[in-house]
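Have a look at the two-chain model below. We'll go through it topic by topic, in short points.

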Amino acid sequence: MNRKLTWILLFGVATLFTQCKDSGDEVEADDENELITSVTLTFTEVGTGTVTTFAYKDPDGDGGNAPTKFDTISLKANTSYTLTPAFLDESKTPVDDITAEINEKADEHLLVYTPSPATLLTYTYGDKDEDGYPIGLKGTAKTAQAGIGKLKVQLRHQPDTKNGTPAPGSDDVNIDFNLIVK
Amino acid sequence: MLMKNYFLLFLLFFASFMAYGQNTSCACFIKGIVRDQHSGQPIAGATVLLTGTTNGVFTDDKGRYEIRDLCPGSYQLEARIVGYSAYKQTLDLTAGHEENFTLQEQEVHLKDVEITAKRTDAPSSQPLTTLSGNDLEQTRGQTLGESLKGISGVTSMQTGSSISKPVIHGLHSNRVLIMNNGVRQEGQQWGSEHAPEIDPFVATRLSVIKGAAGVRYGSDAIGGVILVEPEELPFDKPLSGEINLVGFTNGRQGVASSTLQGGIKGLFGFGWRAQGTIKRGGNIRTPNYFLDNTGINEKNFSFGAGYHHKGFGVDLFYSRFDTKIGIFSGSHIGSITDLLNVINNGEPFVKSGFDYKIGRPNQNVTHDLLKAEVHYNFQDGNRLQWTIAQQVNNRNEYDLHVPRNDSIAALNHPELTFKLNTLTNDLIWDHKPIAGKISGQVGVTTLYQYNLMTGRPLIPNFNQFNIGAFWIERYVKNNWEFEAGIRYDYRTLSTYRIVNRIKRSNHFDFHNGSGTIGATRNFTNHLSAKLNTGTAWRAPNVSELFSDGVHHGAAAFEKGDSTLHPEKALNTIASIKYASEKLTVEIGGYFNYIKDFIYLKPQQEPILTVRGAFPYFKYTQTDASFKGVDMSVAWQFVKNTTVTSKLSYLKAYDTRNENYLVMIPANRWDNQLRHEIPQLGNLHHLFLSVGNLWVARQKRVPPNSDFLPPPSAYSLWNIQAGGTIHLSDKQQLEIGLSVQNLFNTVYRDYMNRFRYYSDDIGRNASLRIKWKFGA
């Protein structure tokens with residue numbers, strides 16, 4: 001019995017200090033995780049065709065470094081613009097074009113533009129998905145009189161629940177641009 | 001980490017009771033042998049005493065004891081052994097009638113009692129509450145966290161009704177240790193929605209040690225320890241088993257669990273047990289609506305086998321836990337706007353009917369445990385035990401939305417995967433009694449662990465190594481029992497993560513000592529008191545060091561701090577217990593002071609993300625105090641009718657910032673009225689009970705710390721009935737019926753994360769059937 005015990009003890013002491021694996025070798029960047037790191041709004045003045053763009057950029061995603069760019073939208077009063085948004089994931093190489101993916105899955109997405117005060121700007125959807133509901137990748141923004149406020153841009157993710165209203169689903173983008181109409 | 005600390009308990013009792021009426025002088029005596037039930041070996045150095053008297057003796061090296069010169073009367077015999085549960089037995093040494101015997105005068109009143117003791121490592125001076133037998137039966141089918149809620153001072157932190165984490169005296173997660181079959185459970189404990197990966201059907205006893213029990217179980221047991229203990233293997237016993245069937249109306253949940261066990265014919269010293277559980281449930285219903293995607297699907301099994309011969313014993317155990325839990329789809333929010341909309345709506349936007357299907361979001365968790373335990377009892381009273389265990393915890397979390405990119409979505413990978421691999425070793429030496437009065441144990445425990453995570457970055461990969469050594473001594477004299485212990489731990493932690501596509505590693509070393517000192521005093525047969533003071537410490541975990549992102553369940557941006565240092569606790573706990581046939585009263589008070597308590601501190605400025613601004617919380621340290629009282633009373637005021645009342649009161653305070661703390665369970669009061677009919681024809685132990693649980697509103701919260709004030713107080717009624725039918729000598733059927741939330745009361749609980757989104761679970765009736773056969 002004592003010899004058996006000695007062997008057991010020896011084995012026991014050996015395993016007390018056993019190390020198995022180094023988790024440091026296995027750490028790798030995740031390329032499946034989808035981020036939206038930049039939101040760009042392109043306003044093209046109807047008539048003149050003058051293009052202005054305003055962007056929000058946070059290249060490393062949530063946390064880490066603060067957003068590197070958050071423009072104030074500056075528009076002329078009483079003017080019509082076509083509004084085209086663009087969404088990118090710049091944390092990936094090559095850069096992932098989220099706009100194209102929204103377009104492909106238009107029946108699961110809705111863009112919502114909410115000015116405050118509401119009188120600053122009127123948005124009219126210029127596109128429809130296969131079910132006839134608006135998307136918001138194309139549209140017209142018509143400014144009213146000069147003023148200062150905000151423009152909230154929301155990308156609503158609504159798989160299987162899209163009904164043309166903002167209520168279903170959840171936000172993939174929800175940012176408030178400062179807006180100056182002059 | 002530990003060993004196989006449960007041992008069978010028991011008391012075999014040779015009723016060779018001889019009392020002689022013709023001599024009423026004080027010449028009675030009691031003698032016997034104290035043995036370990038598992039090994040059958042005599043235990044030297046056990047204290048055997050008669051409570052309320054000054055008579056107490058130690059067993060000799062053959063485990064024998066003898067108490068002489070007793071007057072006839074009724075005595076309570078108590079055996080106390082270090083590392084074993086205390087054993088109590090009432091004896092009658094009354095004047096007898098065996099006048100025909102002519103024995104020596106001094107052997108006139110004799111009782112020969114053999115005591116077979118059950119090993120336990122629980123500290124004797126700390127309150128220990130055990131659920132077993134009928135109390136445990138009534139919780140069958142529920143999760144571990146739910147099962148423990150009936151113990152005063154124990155509550156739960158929930159994510160809906162299927163994810164429940166035990167909370168002891170206001171502390172949870174990494175501050176509460178779970179010992180599963182003698183092995184320290186290692187999962188992703190840090191997460192509020194990460195429930196213990198344990199099938200309660202494995203256990204025949206669930207015990208809670210309240211207060212810091214770090215010296216024996218690991219320095220981080222600041223709040224307490226939960227012991228999940230199966231029965232001793234049935235060495236050399238005939239085949240036996242049980243089948244449990246439980247059905248719940250809410251979620252239309254069914255649970256089936258069965259156990260088969262026995263020895264092996266012709267092979268002396270063997271025992272085995274196989275056990276398995278299947279659970280399937282669908283959408284949970286609140287009083288007014290169903291909760292979409294709240295089903296559960298669980299399959300667990302375990303197998304144990306052991307051999308023991310003379311002082312040697314070996315035990316093997318394997319268990320697998322596999323669960324898939326649907327997470328209420330209405331709890332997914334993208335931004336604060338989403339959350340505020342749900343709160344303002346008062347009920348979820350997502351409507352649903354009943355369905356068993358589990359879609360996204362969900363979590364799929366498996367936990368495998370393989371354990372081997374070897375022990376040897378030396379002739380001279382020394383005992384050596386070694387336990388080695390490997391655990392593999394695999395957690396996959398699926399978000400509500402699949403990736404937009406079709407080719408990635410087609411892979412259907414979880415958005416979060418954690419693989420935690422843990423190897424623990426424990427070497428414990430119970431030394432032979434010193435001078436016949438002091439017993440104790442010395443141990444070394446190690447833990448090696450690595451974590452691999454893929455998906456949305458949340459916590460880093462890490463390697464962790466921990467070594468701890470402890471030494472506990474116990475001294476028993478007459479009606480006093482003292483214990484003291486010290487421990488030292490050293491831990492290294494290396495973390496690896498990707499920041500801006502570059503690999504970063506950090507290295508941490510933590511080490512510290514901890515200690516415990518306590519005393520138990522038995523005043524009379526009925527009255528006893530305990531006092532214990534202990535220290536414990538806990539190194540910050542990886543989520544506290546490195547979190548950096550939005551916690552979508554809490555709608556908060558949480559940021560870790562890699563400069564955090566360990567938190568240290570000083571815990572004092574005192575209790576007094578009166579127990580008689582008709583009345584049991586236990587009152588316990590505790591004061592747990594935690595220096596450098598790690599918590600999430602709200603920051604002034606919100607943090608901006610592409611989904612809007614989120615409230616910003618940073619892991620910070622402060623000093624906190626947890627003061628409370630647990631009280632329980634059971635009074636049999638009429639024959640067979642008992643009223644039970646349990647009260648838990650807790651006040652937690654941030655003493656450095658002079659403010660309250662968040663997520664502290666509200667005070668509660670649990671009352672039960674129970675009537676029993678011992679026998680009615682073939683029916684045994686019939687009972688009917690009516691109960692009420694009242695939970696106060698948590699008024700002690702820091703101002704402006706939450707999106708929603710704590711919910712109102714609530715009161716829930718329940719009824720239970722049950723009994724046992726003896727089918728034959730070797731077969732019995734136990735049946736139980738119960739209805740929880742009898743009046744379908746609408747309520748929300750402060751400790752349930754889903755209180756923002758929906759009401760809590762509605763009425764739930766259940767039927768339990770247990771068929772036992774064999775032994």
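Chain B is split into domain 1, covering 10-117, and domain 2, covering 225-773; these bounds come from an automatic or database domain assignment. The centres of the two domains of chain B, taken over C-alpha atoms, are 40 Å apart. Keep in mind that this is a predicted model, where local features need pLDDT of at least 70 and side-chain atom pairs count only at pLDDT 80 or more, while totals for chains, interfaces and linings use all residues. As for labels, residues are numbered from 1 along each chain as its sequence is written, and chains are lettered from A and ligands numbered from 1 in the order in which they are written.

**Chain B overall**
- Chain B has six helices and 43 strands (DSSP runs numbered from the N terminus: H or I of at least four residues for helices, E of at least two for strands).
- Of its 775 residues, 49% are buried, meaning that 20 or more other C-beta atoms, placed from the backbone, lie within 10 Å of the residue's own.
- Take the contacts in chain B between residues at least 6 apart in sequence: 67% of them link residues at least 24 apart. A contact here means that the C-beta atoms of two residues, placed from the backbone, lie within 7 Å.

**A sheet in chain B**
- Five strands of chain B make an open sheet with mixed pairing, in the order E10-E15-E16-E13-E14 (strands pair if DSSP finds at least two bridges between them).
- At the edges sit strand E10 (128-132) and strand E14 (183-184) of chain B, each pairing on one side only.
- Inside chain B, strand E13 (residues 176-180) and strand E16 (residues 224-229) run parallel, with five bridges between them.
- Leu177(B) is found opposite Val225(B) in E16(B).

**A sheet in chain A**
- Chain A has an open sheet of four strands, ordered E4-E11-E10-E7, and its pairing is mixed.
- Its edge strands are strand E4 (73-75) and strand E7 (109-116) of chain A, and each pairs on one side only.
- E7(A) and strand E10 (residues 147-157) of chain A are antiparallel and share eight bridges.
- Which residue in E10(A) is the bridge partner of Tyr113(A)? The partner is Val153(A).

**Where the chains meet**
- The contact involves 54 residues from chain B and 43 residues from chain A.
- On the chain B side, strand E25 (residues 438-455) of chain B gives the largest share, eight residues.
- That side of chain B includes 23 nonpolar, 21 polar and 10 charged residues. Ala, Val, Leu, Ile, Met, Phe, Trp, Tyr, Cys and Pro count as nonpolar, Asp, Glu, Lys and Arg as charged, and the others, Gly among them, as polar.

Notes: A residue is buried if 20 or more other C-beta atoms lie within 10 Å of its own, exposed if 12 or fewer, and partly exposed in between; C-beta atoms are placed from the backbone.
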